[in-house]
Amino acid sequence: GILRQFFEQQQPDVVKPNGRPMVRTKASIPRGPAIVLGVTASVAAGAIVYSHYAQVRDKAVMRAGVERDKERVRLRRKMKKQAESMQAGTAAGSGDGGEATTSR
């Protein structure tokens with residue numbers, strides 16, 4: 001394709017000592033740009049992987065916070081219900097109908 005034509009134009013054909021040109025089987029990228037491309041691709045892939053796992057971890061932490069909040073609300077409601085039932089039981093069990101008595 002186009003890249004092969006570009007790299008073939010950039011590198012002259014190598015001639016063997018016997019005078020015949022060497023047959024190229026494939027075009028190759030020069031070593032310097034290949035290293036830069038490899039390092040850049042590796043850094044980009046690493047950033048993507050890190051970002052993905054950071055988001056998964058953050059989502060799990062936030063979900064755990066929501067679960068803790070739900071449990072806290074559930075326990076608070078349970079305690080409130082128990083307190084109300086104890087107050088209702090105390091008022092009903094006293095026999096005075098919940099009226100305050102004063103002694104003189």
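Guide: Start with Asp69, which has 40% relative accessibility and therefore counts as partly exposed.

Visitor: Why is Asp69 called partly exposed?

Guide: Buried means under 20% relative accessible area, exposed means over 50%, and partly exposed is in between (1.4 Å probe, protein chains only). Asp69 has 40%, so the label is partly exposed.

Visitor: What should I know about the model itself?

Guide: It is a predicted model: local features need pLDDT of at least 70, side-chain atom pairs count only at pLDDT 80 or more, and totals for chains, interfaces and linings use all residues. Residues are numbered from 1 along each chain as its sequence is written, and side-chain values use heavy atoms, with hydrogens and water left out.

Visitor: Which side chain meets Asp69 in a salt bridge?

Guide: That of Arg72, at 3.0 Å, N to O. A salt bridge needs a side-chain nitrogen of Lys or Arg within 4 Å of a carboxyl oxygen of Asp or Glu. The value is 3.0 Å, so the pair qualifies.

Visitor: How far apart are Arg72 and Asp69 along helix 2?

Guide: They are three residues apart, so about one helical turn separates them. Arg72 has 44% relative accessibility, so Arg72 is partly exposed.

Visitor: Why can such side chains pair at all?

Guide: Side chains of opposite charge can pair when their charged atoms come close.

Visitor: What makes Arg74 and Glu71 a salt bridge?

Guide: Their N to O distance is 2.6 Å. The limit is 4 Å, so the pair passes. Both residues lie in helix 2, three residues apart, about one turn of the helix. Arg74 is partly exposed at 43%, and Glu71 is partly exposed at 36%.

Visitor: How do you know that Arg63 and Glu67 form a salt bridge?

Guide: Their side chains meet at 3.0 Å, N to O. They are four residues apart in helix 2, so about one helical turn separates them. Arg63 has 47% relative accessibility and Glu67 has 38%, so both count as partly exposed.

Visitor: How many salt bridges does the rule give?

Guide: The count comes to four.

Visitor: What makes the nonpolar surface patch?

Guide: Ile35, Val39 and Val43 make a patch of about 280 Å². Patch residues have over 30% relative accessible area and no salt bridge; like charges are joined within 9 Å, and nonpolar side chains (Val, Leu, Ile, Met, Phe, Trp, Tyr) within 5 Å. Val39 sits in helix 2 (residues 31–93).

Visitor: How many helices and strands are there in the chain?

Guide: Two helices and zero strands. Helices (H or I, at least four residues) and strands (E, at least two) are DSSP runs, numbered from the N terminus.

Key. Accessible areas come from the Shrake-Rupley method with a 1.4 Å probe; for residues, only the protein chains shown count as cover.
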